[in-house]
Amino acid sequence: MFRGTFAVVNLQAITSNVRTIKGLLGSVTKLLVAVKADGYGHGAVEAASAALAGGADALGVASLEEGLQLRKAGIEVPVLVFGRVSASGLPIAAEHNISVTLTSDWRDEAIATCTKPLHVHLKLDTGMSRLGYTDVLEAVEIAKWVLSRQDMNLAGVYSHLACADAPDDTHLKGQARKFEEALRILEEHHVRPRLAHLANSAGTLRSPKLHYDMVRVGVSAYGYAPDAEFPLSVHLQPALSLYARIQRLTVIGVGETVGYGATFTANRPTRVATIPIGYADGYFRVFSNQSEVWVNGFYAPVIGNVCMDQLMIDVTDVPHVKPLDWVTVYGQAVPQMWNQVDFSSKPDAERNEFVLKTFSETATGSPVVSLDRLAKQAGTISYELMCAVSTRIPKIYFRG
Ligand SMILES: *Cc1c(COP(=O)(O)O)cnc(C)c1O
């Protein structure tokens, strides 16, 4: 906090988004919320708790380690690991009641017997070419092996969509058809996993036909559409905001340059502000001379190359800028009060209380710099920005 950079994570927004998504589902369809990659950068345990408060039935993670982190925090709902867990991890998964994905055979590794039942979800590759069985008969064979084991239980069968956010639904339809076909063949062979699931956020928002017994949403729970152009039929509230305080102000003359490599040259007398956020914080170097931040009600362009810990912005056209003013890097606009009260040096509890009290004024508004806007300026997607937020950025959790 002494640096003058922090994130506010609006947990109320996550709860409300999850409740909204839950409202789109039929009464028997379960809702799994992905909290992999530290809850898409929001904090895995906090995001999980907020999602559960909104009606999530299960959580998804990328690795067994991420699952164990949730269990250690006392979270008891079903957790599914999307990635492959090596055979040596299976008894640990079983011990902690963490479900695993069967995406390639464990039989060529030494598998110890699990002392508790291991819940297995069979993964099918229907067109993503990432994980799972492409050949359904091979999937049947491996499913039968699972069913033959006393210590394993076939809890689910699933696949993952590659293009559910694209306007053209040709690829999506092909995957849905293959999934249907695979379910039919499994059924013919008397393999009946309890839960069939296919849809990510895009699939879930796109069509109830893709919902099956469970949906798996990530990005939409955090308040963003899967793609900036994706037509949203529901209101989602972005949960993540990032703020940094102006460290220094200076004016450079025509012809003077900014930053490493001197990639920005002033063509007018230019007022330059330095703020303490850089690529090591998850604000990518590719934003150099591309993106904008929000200062005192105005957009200010990032000029010069983004450094590891800092970046420079052009505030020539922004009136009344002072050193120590707060900048919205992305998310909800900085509350008015922040520039008038120096809360940075206060003890943690007092400072957080001040931030939370004043943040509530802006919490439900539209972000002034949305991650979609920012992502577009640098040719990436909101997902990558969210999960890039570095651990050195302190997070303040807004619970409404
Ligand atoms: C990350 C992930 C999801 C969630 O995807 P979103 O696009 O964020 O909704 C769902 N399923 C699997 C297997 C995933 O890896």
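Which residues lie nearest the centre of the largest pocket? They are Lys36, Tyr40, Arg130, His160 and Tyr383, and the lining as a whole comprises 29 residues.

Before I go on, a word on the basis. This is a predicted model, in which local features need pLDDT of at least 70, side-chain atom pairs count only at pLDDT 80 or more, and totals for chains, interfaces and linings use all residues. Residues are numbered from 1 along each chain as its sequence is written, and side-chain values use heavy atoms, with hydrogens and water left out.

A pocket here is an open set of points on a 1 Å grid over the protein atoms alone, where a 1.4 Å probe fits, with protein on both sides within 12 Å along at least five of seven lines; lining residues have an atom within 4 Å of a point. The volume of the largest pocket is about 600 Å³, taken as the space filled by probe spheres set on the points, which are joined across faces, edges and corners. Its lining has 19 nonpolar, five polar and five charged residues. Helix 2 contributes the most to this lining, namely three residues.

I turn to the ligand, which takes up the space of the largest pocket; to sit there, more than half of its atoms must lie within 2 Å of the grid points.

Ser201 places a polar side-chain atom 2.5 Å from a ligand oxygen atom, and Tyr40 has one 2.6 Å from an oxygen atom of the ligand. For His160, the corresponding distance is 3.5 Å, to a nitrogen atom of the ligand. Taken alone the ligand exposes 390 Å², of which the protein buries 94%, by the Shrake-Rupley method with a 1.4 Å probe.

Terms used:
A polar contact is a pair of N or O atoms within 3.5 Å; within protein, one must be able to donate a hydrogen and the other to accept it, and residues adjacent in sequence count only if both atoms are side-chain atoms. Helices (H or I, at least four residues) and strands (E, at least two) are DSSP runs, numbered from the N terminus. Ala, Val, Leu, Ile, Met, Phe, Trp, Tyr, Cys and Pro count as nonpolar, Asp, Glu, Lys and Arg as charged, and the others, Gly among them, as polar.
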